[in-house]
Amino acid sequence: GIAMTAVIATGLAVLATTDTHSAGYSTAGVGLKARSMGGAFRGVANDWSALSYNPAGLAFLEKSEFNGTLGTYSPRLGFDSDISANGIDLGFLAADTSGELHSTDDIWPIPSLALVMAPKEGSKWAWGAGIFWPYDVNYQWDLFRSPLGYNTDYEFNGKKNFHTDLDVLDVHPTLARRMSDNLSVGLGVSIARGDVVYRRVLSFANELGDQLDDYPINNFYGDYRMEGNGIGVGAN
């Protein structure tokens with residue numbers, strides 16, 4: 001009974017290391033060993049992933065290490081579609097036979113690469129660098145068709161009329177020095193680049209009046225798009 005409980009608890013701890021959010025995925029840390037240990041790895045810091053958790057640990061590595069990992073996620077969000085106004089077509093697709101509309105099926109790759117160089121003989125210095133993908137979201141929704149009476153050839157009618165895409169890439173150079181047999185110091189710099197794309201359909205009421213705002217031209221539809229990027233710098 002105790003052994004089985006320990007196995008179940010360990011399994012739940014491993015499975016819980018990736019947070020799921022309504023907007024996307026946040027990868028909680030790097031490295032299989034470190035993620036399975038949770039925050040406790042900071043006190044051990046004895047492999048390449050120390051450059052993310054506790055860079056001072058690199059100074060005690062006995063051999064250099066290279067890491068390459070790839071995680072994949074395939075979310076498929078769904079919601080019940082019941083969007084109408086007194087029976088008037090607003091352009092949103094009716095629900096399918098299951099009662100739900102779903103985002104476009106997609107597979108998100110979450111890679112990481114790292115190289116750490118252990119201190120050479122006679123040296124007290126270690127260094128390393130990692131490239132991580134700490135956050136990702138890329139939902140595409142095919143939710144809208146131009147109502148009858150509008151230009152139905154506009155690219156509203158593609159599979160990206162609602163689209164949210166956010167990518168964050170973290171470049172992480174690190175340096176460590178052994179001060180004694182029991183003490184070391186380290187510094188890691190996090191240079192994070194974020195890119196975002198946001199698109200949705202906006203509806204504007206036609207206020208011309210005098211029978212110029214009757215259905216089907218009671219609303220105008222606009223294609224709202226936003227794109228941007230930025231860089232942030234931090235350290236550990």
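This is a predicted model: local features need pLDDT of at least 70, side-chain atom pairs count only at pLDDT 80 or more; totals for chains, interfaces and linings use all residues.
View 1. Strand 6 (108–117), strand 7 (125–141), strand 8 (162–178) and strand 10 (219–235) are the elements that give two or more residues to the patch. V171 counts as partly exposed because its relative accessibility is 37%.

View 2. In general, nonpolar side chains of soluble globular proteins tend to be buried together. Here, the largest nonpolar core holds 17 residues, and W48, L51, L58 and V116 are those that touch the most other members. Helix 3, strand 6 and strand 7 each give two or more residues to this core, and helix 3 provides the largest share, three residues. A second, separate core has 13 residues, including Y73, W108, Y150 and V201.

**View 3. N67, a buried residue of strand 3.** N67 belongs to strand 3 (residues 65–73). With a relative accessible area of 9%, N67 is buried. Its contacts, neighbours within four places in sequence aside, are W48, S112, L113 and A114.

View 4. Searching the whole structure turns up three aromatic pairs. One of them joins W108 and Y139 edge-to-face, at 5.1 Å centre to centre and with 65° between the planes. W108 is in strand 6 and Y139 in strand 7, so this pair ties together parts that are 31 residues apart in sequence. Both partners are buried: W108 has 2% relative accessibility and Y139 has 6%. Y198 and Y224 also form an edge-to-face pair, with 6.1 Å centre to centre and 70° between the planes. Y198 comes from strand 9 (residues 184–205) and Y224 from strand 10, so the pair links parts that are 26 residues apart in sequence. Y198 is partly exposed at 30% relative accessible area, and Y224 is partly exposed at 34%.

**View 5. A45 and its positive phi.** Most residues other than glycine have a negative phi. A45 is not a glycine, yet has a positive phi of about 45°. Look for A45 in the loop between helix 2 (32–37) and helix 3 (50–53). A45 counts as buried, at 4% relative accessibility.

How values were computed
Residues are numbered from 1 along each chain as its sequence is written. Side-chain values use heavy atoms; hydrogens and water are left out. Helices (H or I, at least four residues) and strands (E, at least two) are DSSP runs, numbered from the N terminus. Buried means under 20% relative accessible area, exposed over 50%, partly exposed in between (1.4 Å probe, protein chains only). Contact means heavy atoms within 4.5 Å. A nonpolar core is a set of buried Ala, Val, Leu, Ile, Met, Phe, Trp, Tyr and Cys residues joined through side-chain atoms within 4.5 Å. Rings of Phe, Tyr and Trp (its six-membered ring) pair if their centres lie within 6.5 Å; planes under 30 degrees apart count as stacked, over 60 as edge-to-face and the rest as tilted.
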